[in-house]
Number of protein chains: 2
Amino acid sequence: MSQTAQKHDVFQAIADPTRREVLKLLAEKELPISEITSHFPMSRTAIAKHLKVLTDAELVSGRKQGREKIYRLHPEPLTELRRFYEQFWSNKLSVLKYVVENDKEK
Amino acid sequence: MSQTAQKHDVFQAIADPTRREVLKLLAEKELPISEITSHFPMSRTAIAKHLKVLTDAELVSGRKQGREKIYRLHPEPLTELRRFYEQFWSNKLSVLKYVVENDKEK
DNA sequence: AGTATATAAAACCATTTGGTTTCATGTCAA
DNA sequence: TTGACATGAAACCAAATGGTTTTATATACT
């Protein structure tokens, strides 16, 4: 269980639309599992599994409070998304090439 | 087979590390399938399937030229990635909240 | 014409994914 | 202490994913 365990990465974690929605919910405020579940047309167990994946990717963390488990967002890993995105769209030759070549076709 | 078919979306397309690498390759210049394949430890057929997924997500397109099929990058759909990212990290309350609350803990 | 090359298409396979149901456990409240 | 509530854990399942091998077809080269 090292710091680098990370069975699921960010890219995989956000591949599922339900998980993306969960992240949006948690961006507002932290929530217990049952609260989160109430926003989706599926079982609590299914949501719990999604939360497991998000936890693996270190995008959320849950703490037990009484009989509830409360999840909160950890947005940092999303910066990897940004880095990926910028390889293609930020001050990169590829973008220029793309734009130029597309202009030619018109 | 409408224009809106789009069986695979961008998030799903970039979930696989091989496909992310393919995109990086194509950011440099357009390439035929066999050329792309030579960069990976798997069969041409496997790469062709990855290219199919990327095509579904409209991240690449292929044109037949002689006996080769040449693929090129279409980076536009990646903006959806950016929009997603910015929901969490760009001038949003959630970020402020996150930072503030993290400060408190230290 | 015949051979090598580049891709396409299909069948197949193991593993992962995204869901379910069922049962067990811990906690709160009356 | 009894019952309701919130979660955990396990078994199960169908479909999707990521790969393979095999066979076919079109193009290029000599």
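Helices are DSSP runs of H or I with at least four residues; strands are runs of E with at least two, and both are numbered from the N terminus.

The model is predicted: local features need pLDDT of at least 70, side-chain atom pairs count only at pLDDT 80 or more, and totals for chains, interfaces and linings use all residues. Residues are numbered from 1 along each chain as its sequence is written, chains are lettered from A and ligands numbered from 1 in written order, and side-chain values use heavy atoms, without hydrogens and water.

Contact here means heavy atoms within 4.5 Å. Asp, Glu, Lys and Arg count as charged; Ala, Val, Leu, Ile, Met, Phe, Trp, Tyr, Cys and Pro as nonpolar; the others, Gly among them, as polar.

Between the chains, 31 residues of chain A are in contact with 30 residues of chain B. The buried area is about 2900 Å², and carbon and sulfur atoms give 66% of it. Buried area is the accessible area (1.4 Å probe) that two parts lose on being put together, summed over both.

Ten salt bridges occur over all chains, and two of them link chain B and chain A. A salt bridge places a side-chain nitrogen of Lys or Arg within 4 Å of a carboxyl oxygen of Asp or Glu. A:R20 forms one with B:D9, with the closest N and O atoms 3.6 Å apart. A:R20 lies in helix α2 (residues 17–28) of chain A and B:D9 in the segment before α1 of chain B, so the pair joins two chains.

On chain B, the side that touches chain A draws at least two residues from each of α1 (10–13), α2 (17–28), β3 (68–73), α5 (79–89) and α6 (93–105). The largest share, eight residues, comes from α5(B). This side comprises 14 nonpolar, five polar and eleven charged residues.
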